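Q: I am new to this structure. Can you show me how to read its features, one at a time?

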Amino acid sequence: MSTTKKPAKIFSAKKRKTYLRMLRSIVCGVILVILILIILQLFGINVSSMLAGVGIASIIIGFALQDALKDIFRGLEIVADDYYDIGDIIKYGDNFGQVISINLRTTKIQDINTMNIVSIANRNIDKVEVSNGYIYLGVPFPLRIKPDAATKVMDEIVEKAGKLPNVTSIINQGVSNITNSSLNYQLQITCDPAKQLQTRRDCLGVVVDTFAVHKIMLPYNQLDLHTKK
């Protein structure tokens, strides 16, 4: 699990909204329980006697509602530990989107790519990654390109991509890997996490266009065959 520790922001708008949503969920739950008890009493059911048997019943209910209880405790943990807030961008499995709701049992996100609403059980927060707005983009050069020439092309890519509207900053981190067919450079790009996917697409477009201007072909795996005489 990859997470970034966020600075305390108790009085931020996102934090206030998160606390209010969670408080509303708790209050609604308490009111619902009270209303059920009142209705049972009105129908002549002895609520006091029923509550006296809660000790035994709670054991049975506990086993039946293990997942629900895990969700509730993890929901409180999300808020208490500032794991993420409403408005943050998180990744869960193949879903990547903005947190739109946090309640006692679930977290709901709107997937950036599909705009679908995805519900995540709070007990699964250990599988959630909080986006910090960084994009790491690999740029592979064929081995025939000399390092000095590749560096000049990378500088041109950085200059062009840096002018994109969603890019906050962009850095050429140099060579990240060498394979049998390519010399791989890496870009570190920062942007609004909500626009991360579109920013990646835009930066890839800059790479492709720049390669086309310099007549650079993307490298591909090569296989050497040796025959015996």
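A: Start with how elements are named. Helices, of at least four residues, and strands, of at least two, are DSSP runs numbered from the N terminus. Keep in mind that this is a predicted model.

Q: Which helix holds E159?
A: E159 belongs to helix 5, residues 147–161.

Q: Is E159 buried or exposed?
A: The cut-off for exposed is over 50% relative accessible area. E159 has 52% relative accessibility, so E159 counts as exposed.

Q: How far apart are E159 and I170 in space?
A: Their C-alpha atoms are 8.7 Å apart. In sequence, eleven residues separate E159 and I170.

Q: How do strand 1 and strand 2 run?
A: Strand 1 (residues 89–92) and strand 2 (residues 95–102) are antiparallel, joined by four bridges. One of the pairings is I89 with Q98.

Q: What does strand 2 form with strand 3?
A: They form a hairpin too, with three residues between them. Five bridges pair strand 2 with strand 3 (residues 106–111), again antiparallel. I102 stands opposite T107 in strand 3.

Q: How many residues has the largest nonpolar core?
A: The core has 24 residues. V139, F141, I157, L187, I189 and F211 have the most contacts inside it. Helix 5 gives the most to this core, with six residues. Another core, of 13 residues, lies apart from it and includes I78, V99, I102 and V128.

Note on methods:
Residues are numbered from 1 along each chain as its sequence is written. This is a predicted model: local features need pLDDT of at least 70, side-chain atom pairs count only at pLDDT 80 or more; totals for chains, interfaces and linings use all residues. Side-chain values use heavy atoms; hydrogens and water are left out. Two strands pair if DSSP finds at least two bridges between them. Buried means under 20% relative accessible area, exposed over 50%, partly exposed in between (1.4 Å probe, protein chains only). A nonpolar core is a set of buried Ala, Val, Leu, Ile, Met, Phe, Trp, Tyr and Cys residues joined through side-chain atoms within 4.5 Å.
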